Amino acid sequence: MTDHAAFRGLGIAFRHLSAAILLTALASISGPVIGWSNANASPTAANKTESTNQSAEKQITGKKPGETADHSKFEILQQDFKSGPEVTKACLSCHTEAATQVHDSIHWKWEYDNEKTGQKLGKRYVINAFCGNVASNEARCTSCHAGYGWKDMRENPPSAPEAVDCLVCHADTQYYKKFPTKAGLPVTEPTMFGGKPFKVSNLIEAAQSVSLPQRDNCGSCHYYGGGGDGVKHGDIDSSLDNPSVDLDVHMAADGGNMACSACHSGSGHVWPGSRYDMDAKPQARDEEGKKLPSFAMRRMNETASCESCHTDAPHQGKTLEAIKLNNHTDTVACQTCHIPEFARGGVATKMLWDWSTAGKLKDGKPFAIKDDKGHPSYDSKKGDFIYEENVQPTYSWFNGKVNYVTDEDRLDTTQPVVLNALGGSAEDENARIWPFKLMHTKQPIDAENKKLVYMHLFGKDANAFWKNFDWAKAIQGGQDYMGKDYSGKFEFIETRMWWPITHMVAPANKAVQCDECHVKGGRLENIEGVYIPGRDDLPLISWLGYGLIILTILGVAIHTIFRFATRKQRNH
Amino acid sequence: MTDISSASGPAASKAKEAKSKVFHRKVKNYSRYERFWHWSQAILIFVLAFSGFTVHGTIRFIPFHSAVMMHDIAAFVLIFLWLFTAFWTFTTGQWRHFVPTNAGLWEVIMHYLVGMMRGQPHPYKRTLSRKQNPLQSFAYFSIMTLVGPLLWLSGLAYMFYSFWAGNSGNHEIFSLVVLLHLIGAFLMVAFVIGHIYMVTTGKTLIHYTKAMITGFEDMELTEAEVTYLEAHEPDRIK
């Protein structure tokens with residue numbers, strides 16, 4: 001080697017060394033730096049109690065806090081608004097691109113093209129294991145559409161810019177609430193719903209109160225999926241409006257005080273984090289697909305994953321314990337250990353729904369029964385339910401890919417039909433063990449075609465189930481509405497649906513303990529394809545091993561007996 | 001009872017002394033480091049077996065979490081001890097005692113199976129240059145060079161699983177690592193049981209244990225050996 005080459009070698013070594021030192025330093029300082037300064041964000045003890053007050057501290061969102069505009073000072077918002085669309089018009093006079101952006105979002109279209117499976121999903125198309133279908137029940141279901149007046153799923157939502165509902169996401173919820181049966185419109189005059197007066201919206205106050213969406217904005221729809229508080233998700237319900245740290249470390253006012261968009265941080269009115277297509281094992285990769293070091297994950301954007309902030313080496317410190325825990329992150333999703341149970345906030349979630357018993361009447365009238373904990377257990381409109389609180393999740397391998405059963409699929413009804421089959425197995429490098437709420441449902445299908453059917457539940461017409469309680473008419477009505485073939489015969493079959501659990505993250509000290517999985521008969525008893533120490537055994541080697549030990553002990557015992565028996569003759 | 005380091009019957013001993021003069025002396029066969037090594041290794045192996053079979057699920061007197069921490073820390077200490085002892089064994093020349101040999105191995109095995117029941121003397125006479133009988137050498141050499149490294153190599157692979165498993169987890173290879181580690185663990189436990197039992201076969205039940213505590217043992221020495229030790233290593237002879 002010439003002197004020159006030697007120097008070059010030294011130079012390369014030095015560059016590598018300094019890069020390594022720099023990277024280590026970066027990794028160590030980036031540890032505690034999660035997001036921005038808390039100065040503007042963390043609430044004081046005093047204003048925790050005035051959560052309904054408009055001046056209360058806003059939650060941390062995907063954007064840095066610090067507003068430059070007070071909407072109550074805008075003249076255009078000081079008019080006597082008569083309807084939601086009028087307010088939207090005013091909003092759009094400044095936020096010129098907002099309507100176009102919303103028109104492009106899943107919140108507007110209720111449509112999701114899954115590139116991995118080629119399926120067209122979204123509320124507009126999917127038949128699920130809860131209320132079934134939106135189609136033919138529109139004005140009821142579209143009370144959760146981010147717009148006004150979508151009354152027919154067979155057509156696109158209304159195209160007028162002012163049909164976008166700005167207020168449902170941006171207004172203080174104390175001034176604004178969409179009426180359940182008016183296709184997304186609020187009421188501004190006293191109106192009854194279900195025998196009780198419904199909240200009258202104050203559009204002027206609402207328009208002036210706008211901010212980045214708070215949890216109760218998102219929650220006004222997402223808490224109530226499936227037709228009631230906590231019914232659908234299990235990890236999303238109204239208890240997240242004001243959760244304790246034990247319930248959710250990120251959302252608690254004295255925890256992270258984060259809004260939904262702190263994690264679901266998108267831009268242009270589009271947010272990441274759809275269940276239709278998930279990233280079950282988020283990783284930072286370079287352009288050639290090579291895995292980048294853990295801390296590079298913090299540069300990922302547009303992903304609503306734990307790893308986006310915490311990386312795939314989230315347990316801090318160079319301790320043996322941290323290393324051992326971080327060893328799990330390639331196999332086990334963060335949520336699996338950090339969400340020990342769902343429905344922990346005092347709101348029960350629906351675990352079982354039997355539509356087949358719906359339609360019973362007492363003296364010709366529908367009725368409802370509650371279980372001994374006060375949760376609905378029967379409703380003539382919907383059938384039998386089981387609600388549960390503090391539910392331990394069901395675990396499964398999951399690679400983020402979900403395959404839905406559509407209205408075109410012929411079903412094998414010899415066993416429960418999984419409406420959203422999970423992709424992934426132990427061998428799949430994109431799969432990890434995830435926690436789920438496993439929904440158990442009995443719902444109608446076409447008895448001859450063996451295909452899912454549309455239930456026409458809501459409406460004033462004679463076919464609507466909630467008017468006449470006649471399944472034959474309700475299903476015929478739903479199928480006719482969608483123009484689907486129908487044999488005229490229906491049956492109820494068992495279906496299942498997997499709901500990923502990812503909210504209600506408990507504090508570290510309340511996480512699932514090692515013993516709960518590393519044991520025979522533990523939480524992960526049914527997970528296949530991976531050796532879990534403490535749960536699993538290698539039967540052959542164990543038999544040989546214990547056999548060897550027993551033989552050794554036996555040998556020792558026999559030898560001892562002989563030594564004892566011959567001790568006298570040896571002493572003489 | 002018999003003792004491998006001293007002739008058993010008075011007749012036999014007299015016959016020998018007639019041939020060449022034999023001195024019965026207490027000699028320090030186990031140095032301070034050797035005894036430290038032996039007992040710390042013994043404790044570590046018990047800790048490792050206890051915590052290891054907890055991790056495996058055979059027993060569960062302590063939480064899994066504590067067992068893992070206990071096992072990993074003890075493992076690191078034991079590996080360090082093993083490495084240092086290997087260094088010590090070679091630098092001090094002690095390795096000579098551990099080299100296995102077939103010569104006399106069968107006789108020693110037959111002695112434990114038959115001879116000692118009949119009150120026959122131990123066929124092996126330990127000397128200053130060879131303080132272990134062939135069966136001991138065979139057993140200790142196997143443990144130190146086969147079972148030990150099998151355990152800690154598979155153990156390190158087990159512990160640092162995520163460094164080699166790659167993105168797909170390599171669950172089959174992981175199972176193989178577990179398999180090897182288990183094989184090692186069972187062999188080690190069987191050895192420990194056998195070893196503890198063999199320790200009781202001395203002149204008294206605790207004769208050998210005492211030797212491993214004090215370091216001193218009764219030996220038959222030649223005149224030359226006594227003279228040498230008294231002159232050059234007076235601490236080793238009483």
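The model under study is predicted.

**Exercise 1.** Describe the contact between chain A and chain B from the side of chain A.

*Solution.* Begin with the residue counts: chain A contributes 35 residues and chain B contributes 31 residues. Next, identify the elements of chain A that supply two or more residues to this side: α12 (320–326), α16 (539–565) and α17 (567–571). Of the side of chain A that touches chain B, α16(A) provides the largest share, nine residues. Finally, classify the residues on this side: 14 are nonpolar, ten polar and eleven charged.

**Exercise 2.** Examine the segment of chain A that UniProt lists as "transmembrane region".

*Solution.* The unreviewed UniProt entry assigns this feature to residues 543–562 of chain A. In the model, this span is 100% helix and 0% strand, and its end C-alpha atoms lie 28 Å apart.

**Exercise 3.** Determine how α5 and α6 of chain B are oriented relative to each other.

*Solution.* Helix α5 (residues 105–113) and helix α6 (residues 134–159) of chain B pack at about 100°, with axes 7 Å apart. Angles of 65 to 115 degrees count as roughly perpendicular; α5(B) and α6(B) are therefore roughly perpendicular to each other. From α5(B), the contact uses B:Leu105, B:Val108 and B:Ile109, and from α6(B), B:Pro134, B:Leu135 and B:Phe138. By class, this contact has six nonpolar, no polar and no charged residues.

How values were computed. Residues are numbered from 1 along each chain as its sequence is written. Chains are lettered from A and ligands numbered from 1 in the order in which they are written. This is a predicted model: local features need pLDDT of at least 70, side-chain atom pairs count only at pLDDT 80 or more; totals for chains, interfaces and linings use all residues. Two residues are in contact if their C-beta atoms, placed from the backbone, lie within 7 Å. Helices (H or I, at least four residues) and strands (E, at least two) are DSSP runs, numbered from the N terminus. Ala, Val, Leu, Ile, Met, Phe, Trp, Tyr, Cys and Pro count as nonpolar, Asp, Glu, Lys and Arg as charged, and the others, Gly among them, as polar. UniProt positions are given in the numbering used here, feature names are shortened, and annotations may be inferred rather than shown by experiment. Axes are lines fitted to C-alpha atoms, for helices over the stretch in contact, and angles run from 0 to 180 degrees between N-to-C directions. Angles under 35 degrees count as roughly parallel, over 145 as roughly antiparallel, 65 to 115 as roughly perpendicular and the rest as oblique.
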